[in-house]
Amino acid sequence: MRQWTSIAKETIARASIVVKFLCFLHVTDSYLLSSNHVLGPSMLPTLNITGDVVLVEHLSHRIGKLGSGDLVLIRSPLDPKKTVTKRIVAMEGDKVTFSLDPIRNHSSRSLVVPKGHVWIQGDNLYVSCDSRHFGPVPYGLIEGKVFLRASMAT
Amino acid sequence: MGGWSSFISIVRSLCLLHAANNYLGTTVITYGPSMLPTLNITGNLLLVERISTRTGKLRPGDVVIFRSPESPRKVVCKRLIGMEGDQVTYVVDPKNSDRCETIVVPKGHVWVEGDYIYDSKDSRNFGAVPYGLLKGRVFWTLLPRKDFGSLAPKPK
């Protein structure tokens, strides 16, 4: 009987170390720095189609220091389980001019980004599904800013 | 050293608190007239659980909190009226007219409305809210004491 209690105590002690470490990792991940794997053709030539490991920092969007030109990780407004990587083209109040179909026609539309929203576009306009299709995205969906690519360029 | 080890234990308990906050539940203080008579105008302390939003088990009729699409620093509390694909009929401007409009909630979004539609800024003003902005489901009132308990369902 005494054997089992001592084994149980040791298991709990070791498990609590793992849990504490995971909590610490989770806090760093959501408030400081995390690494993410991004793939897809919508950000060519900036990011690879086959996949890149990027470092994402989670401070700038909380203190409001994001601007147009930043690469951000943003939760998709179409599918809340997916996170997409796109570039901020315009912040709230800016006027944005865009072309829905750059291959077929050269017509373009303009609109002003509403309050509390941002306009995101992929660097590869021909295959990117972004704000030109689903409209401006609320700022609250931004999860972090990409600042470093950690994999080797192929 | 005593100072260092107490600092470490404070950091540990904060990390644990943060993890519980993000994955289990938290408390929120709300005020304002938009959820009368369910919630007080002067202030309520509510218990929020985060499991339903993460597992996708929200249903119309739940009171939810979400980050405001117009002011990203503010957290708003309203009632869920329609999930994606639902058809929602709402009164556009109940103070001035009885005109109704019907829309289908787009994919990945939800429709929220306050219980007191005469003084509520909700989806009728800023449109359907992306599901990713939802932060939790309110399931218990702690304060004021007379309202202690689960929340009332949507008033007819």
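Is Q121(A) buried or exposed? At 10% relative accessibility, Q121(A) counts as buried, where buried means under 20% relative accessible area, exposed means over 50%, and partly exposed lies in between (1.4 Å probe, protein chains only).

The legends below describe a predicted model, in which local features need pLDDT of at least 70 and side-chain atom pairs count only at pLDDT 80 or more, while totals for chains, interfaces and linings use all residues. Residues are numbered from 1 along each chain as its sequence is written, chains are lettered from A and ligands numbered from 1 in the order in which they are written, and side-chain values use heavy atoms, with hydrogens and water left out.

View 1. If neighbours within four places in sequence are left aside, the residues in contact with Q121(A) include M43(A), F98(A), D130(A) and R132(A), contact being defined as heavy atoms within 4.5 Å.

**View 2. The open sheet of chain A.** Seven strands of chain A form an open sheet in the order 1-2-9-3-4-7-8, with antiparallel pairing. Strand 1 (33-38) and strand 8 (137-138) of chain A stand at the edges with a single partner strand each, so one side of each is left without a neighbour in the sheet. Strand 7 (residues 117-121) and strand 8 of chain A pair in the antiparallel sense over two bridges, and two strands are said to pair if DSSP finds at least two bridges between them. H117(A) has P138(A), in strand 8 of chain A, as its bridge partner.

**View 3. The open sheet of chain B.** In chain B, seven strands form an open sheet in the order 1-2-9-3-4-7-8, and the pairing is antiparallel. The edge strands of this sheet are strand 1 (25-30) and strand 8 (129-130) of chain B, each of which pairs on one side only. Strand 7 (residues 109-113) and strand 8 of chain B are joined in the antiparallel sense over two bridges, and V110(B) has V129(B), in strand 8 of chain B, as its bridge partner.

**View 4. Salt bridges in chain B.** Side chains of opposite charge can pair when their charged atoms come close. A salt bridge is a side-chain nitrogen of Lys or Arg within 4 Å of a carboxyl oxygen of Asp or Glu, and the structure holds twelve salt bridges over all chains. One of them is formed by the side chains of D115(B) and R79(B) (2.9 Å, N to O). D115(B) lies in the loop between strand 7 and helix 3 (123-126) of chain B and R79(B) lies in strand 4 (residues 75-82) of chain B, so the pair ties together parts that are 36 residues apart in sequence. D115(B) is buried, with a relative accessible area of 11%, and R79(B) is buried, with a relative accessible area of 1%. R99(B) forms a salt bridge with E101(B), with the closest N and O atoms 2.9 Å apart; R99(B) is partly exposed at 46% relative accessible area, and E101(B) is partly exposed at 31%.

**View 5. The interface of chain B and chain A.** Here 20 residues of chain B are in contact with 22 residues of chain A. The two chains bury about 1,700 Å² between them, 67% of it on carbon and sulfur atoms, where buried area is the accessible area (1.4 Å probe) that two parts lose on being put together, summed over both. Helix 1 (residues 2-23) of chain B gives the most to the side of chain B that touches chain A, with seven residues. Across this interface the rule finds zero salt bridges, whereas seven residue pairs are in polar contact (both at pLDDT 80 or more).

How values were computed: A polar contact is a pair of N or O atoms within 3.5 Å; within protein, one must be able to donate a hydrogen and the other to accept it, and residues adjacent in sequence count only if both atoms are side-chain atoms. Helices (H or I, at least four residues) and strands (E, at least two) are DSSP runs, numbered from the N terminus.
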